[in-house]
Amino acid sequence: MRRITLFGATGSVGQSAIDLIARDGDAYDVVALTGGRNVAQLAADARRLNADLAVTCYPECYDDLKSLLSGSGVEVAAGPDAITDAAARPVDWALSAIVGAAGLVPGLEALAHGTTLALANKESLVTAGPLLLGRAKAHGATVLPVDSEHSAVFQALVGEHMAAVERVIITASGGAFRDWPVEKLATATLAEASSHPNWDMGQRITIDSASMFNKAMELIETKEFFNVSPDMIEVLVHRESLIHAMVGFNDGALMAHVGPPDMRHAIGYALHWPERKALPVERLDLAKIGSLSFEAPDDARYPALAIARRVMDEGGMSGAVFNAAKERALDGFIAGEIGFLDMARVVDVTLDKMSSSDGLQNAALSLDNILETDRLARIRAGEAMSQLG
Ligand code: NAD
Ligand code: MG
């Protein structure tokens, strides 16, 4: 039996993983499941999968989780440190599906124990890519991509040499506002930004898809994960979300990964890697689909993409600043404090402020420095939000 842990088990990616695991329950020994406020889901899954441990990141949810699991034999814990402790428990495979920079420390901890880490949590790569991948290398641990575009690139690279790669193209649906007049974007509401044309995902990544901050993060994720230079990475708007990524080689070939927009494919590929096993995803009928469309992204509509290019050029701590400012701005948009287009302004201004005044751009990429940068960037982003004209 393979020992596994799922971080962020109650979320959209976590639940897709549980769907796969529950179909083949005898193959897995579930060590830990972690979640947040949805303790009913966490408890139900911990019972169903017979987990050793269930952890909520919120201490105030401990009592509820404890009582939901009474008599089950499942151990209960709460708080961020308890999630990190769960990452220290030996397993063969762990899924990092926490949303936000909160996924970084548990991911680092799992890697320090040699765990194979299936990484959906792109924020940890954006914030601290070299630290995370360096940790994996130092401990002989493997990081596998779960973001659909990066899983697609990873699969297109099987058996290939990186020296033959000319470009990496990640696709974007264009998000909720792809057909809106640009002038109208400033008025976009939370409800409007929280729906995605093709994918069913958590609220934060859905809004990030509407603003293209999700694709901006994925540009940085591509650079970090595959160690390719920024000028080799392209974003292509592809409305149907069926081609997830393409790799262009030096003989002119483009290897495209085509599949339905279902995260169970990328999760399942990482779960069974290096093998390929049957997965319960839709088989595409391309004759019925008929045609696929491609467009260059519109820079005026999606300012986040230029910000990501800036971050890749600046390097150092700018990924940590970018991610933290983006998370703070997204909190502000969700809370109704700022408008949709203000998110990009806040991130841009925060990057300006931090690179000129806080002297962190050249700091060593240690965990302490990164966490301090993350903390400061959230404060600076909050200030930028209150100064918006
Ligand atoms: P979600 O909001 O549905 O779920 C997030 C999970 O993280 C929940 O279990 C929640 O309880 C937990 N969580 C939230 N805050 C936490 C904290 N501070 N500490 C510990 N746990 C916390 O999110 P999602 O859509 O499943 O996305 C998860 C991650 O996967 C994100 O990084 C996202 O960018 C990435 N991703 C998601 C999809 C998708 O289809 N949803 C696709 C690609 C990548
Ligand atoms: Mg993606």
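The classes are nonpolar for Ala, Val, Leu, Ile, Met, Phe, Trp, Tyr, Cys and Pro, charged for Asp, Glu, Lys and Arg, and polar for the others, Gly among them.

Before I go on, this is a predicted model, so local features need pLDDT of at least 70 and side-chain atom pairs count only at pLDDT 80 or more, while totals for chains, interfaces and linings use all residues. Residues are numbered from 1 along each chain as its sequence is written, chains are lettered from A and ligands numbered from 1 in the order in which they are written, and side-chain values use heavy atoms, with hydrogens and water left out.

On terms: with a 1 Å grid over the protein atoms alone, a cavity is a set of points where a 1.4 Å probe fits but cannot get out, a pocket is an open set with protein on both sides within 12 Å along at least five of seven lines, and lining residues have an atom within 4 Å of a point. Points are joined across faces, edges and corners, and the volume is the space filled by probe spheres set on them.

Which elements supply at least two residues each to this lining? They are helix 7 (148–156), strand 11 (254–258) and helix 11 (263–272). Helix 11 gives the most, namely six residues. Helices (H or I, at least four residues) and strands (E, at least two) are DSSP runs, numbered from the N terminus.

Staying with helix 7, that's where you'll find S151. S151 has 1% relative accessibility, so it counts as buried; the cut-offs are under 20% relative accessible area for buried, over 50% for exposed and partly exposed in between, with a 1.4 Å probe and protein chains only. Leaving out neighbours within four places in sequence, S151 is in contact (heavy atoms within 4.5 Å) with P145, A266 and Y269.

P274 is in the loop between helix 11 and helix 12 (286–289).

Most residues other than glycine have a negative phi, and most peptide bonds are trans. N50 isn't a glycine, yet its phi is about 55 degrees. N50 is in the loop between helix 2 (39–48) and strand 3 (53–56). M212 is another such residue, with phi near 70 degrees, in the loop between helix 9 (203–211) and helix 10 (213–226). Are these two buried or exposed? N50 counts as exposed because its relative accessibility is 58%, whereas M212, at 2%, is buried.

The largest cavity has a volume of about 90 Å³. It has 13 lining residues, and S211, R301, P303, F340 and L341 lie nearest its centre. Helix 9, helix 13 (303–314) and helix 15 (342–357) are the elements that give two or more residues to this lining. By class, that's 11 nonpolar, one polar and one charged.

On to ligand 1. It has 23 residues around it (a heavy atom within 4 Å), and T10, S12, V13, G36 and E123 are the closest. Some backbone N or O atoms sit by ligand oxygens: 2.9 Å for S12, 3.2 Å for G11 and 3.4 Å for A120.

Two more residues and I'm done. S173 is in the loop between strand 8 (165–172) and helix 8 (190–193). Its relative accessibility is 8%, so S173 counts as buried. The S173 side chain makes a polar contact with the side chain of H196, at 3.2 Å. That term means a pair of N or O atoms within 3.5 Å; within protein, one must be able to donate a hydrogen and the other to accept it, and residues adjacent in sequence count only if both atoms are side-chain atoms. Beyond four places in sequence, S173 has contacts including R178, N198 and R239.

Finally, A325, in helix 14 (residues 318–334). A325 is buried because its relative accessibility is 0%. The C-alpha atoms of A325 and A377 are 5.7 Å apart, with the two residues 52 apart along the chain. Not counting residues up to four places away, A325 touches V347, T350, A377 and A381.
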